[in-house]
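Let's take a friendly walk through a protein model, from its inside to its surface. Have a look at the picture before reading on.

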Amino acid sequence: MIFTFTGNNVSFDVECTSHVIGTNVTIIFDKLNFNTTDAYNNETGKFICRVAGIYFFSYSSLPMKGIPTDVVLMKNESKISKIHSVLGIGTSQLAVKNAILKLEMYDSVWVKLEFGKLWSRDGSISFQGFLIYGSV
């Protein structure tokens, strides 16, 4: 099946295929399921807005067992939302968080591991976004 995207069709769905460990690390999502306008850059890990408007974003976190972990959605240099995980030893739980953001041209949105360790398994670390409607 071939898809043709024109106008304001902006959407992406990406996954991270390796474990992520560190402090203040931008998560690089290296598996591109789709990226309609190439606005997500899998070298920098950032979505760069090319069509101003209102966007929906979703991101996930799967901390390694028993490791306190904070995963943050960033817009430019500001923290927008956070998945904070503190689980018992030997336990892990997938968490997903959504955000609706107003973006201007060249705003950037990305996911950062603030601290902790993330376990990557079958797309458990993911990042998605799409344009709800463009600015008039």
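Is Lys-31 buried, partly exposed or exposed? In this predicted model, Lys-31 counts as partly exposed, at 39% relative accessibility. Its side chain meets that of Glu-15 in a salt bridge, at 3.7 Å from N to O. The two sit 16 residues apart, with Lys-31 in strand 4 and Glu-15 in strand 1. Glu-15, at 16% relative accessibility, counts as buried because the limit for that is under 20%.

A search of the whole structure turns up four salt bridges. Here are three of them:

| Pair | N to O distance |
|---|---|
| Lys-31 and Glu-15 | 3.7 Å |
| Lys-82 and Asp-70 | 3.4 Å |
| Glu-114 and Lys-82 | 3.1 Å |

Salt bridges with shared partners join Asp-70, Lys-79, Lys-82 and Glu-114 into one network. Lys-82 is partly exposed at 33%, while Asp-70 is buried at 4% and Glu-114 is buried at 11%.

Now for the greasy parts. The largest nonpolar core holds 28 residues, and Phe-47, Phe-57 and Leu-73 are among those with the most contacts inside it. Strands 1, 7, 8, 10, 11 and 13 each supply at least two residues of this core. Phe-47 touches, among others, Phe-12, Tyr-55 and Leu-103.

Tyr-133 lies in strand 13 and is exposed, with a relative accessible area of 51%.

Note on methods. Residues are numbered from 1 along each chain as its sequence is written. This is a predicted model: local features need pLDDT of at least 70, side-chain atom pairs count only at pLDDT 80 or more; totals for chains, interfaces and linings use all residues. Side-chain values use heavy atoms; hydrogens and water are left out. A nonpolar core is a set of buried Ala, Val, Leu, Ile, Met, Phe, Trp, Tyr and Cys residues joined through side-chain atoms within 4.5 Å. Buried means under 20% relative accessible area, exposed over 50%, partly exposed in between (1.4 Å probe, protein chains only). Helices (H or I, at least four residues) and strands (E, at least two) are DSSP runs, numbered from the N terminus. Contact means heavy atoms within 4.5 Å. Lists of a residue's contacts leave out its neighbours within four places in sequence.
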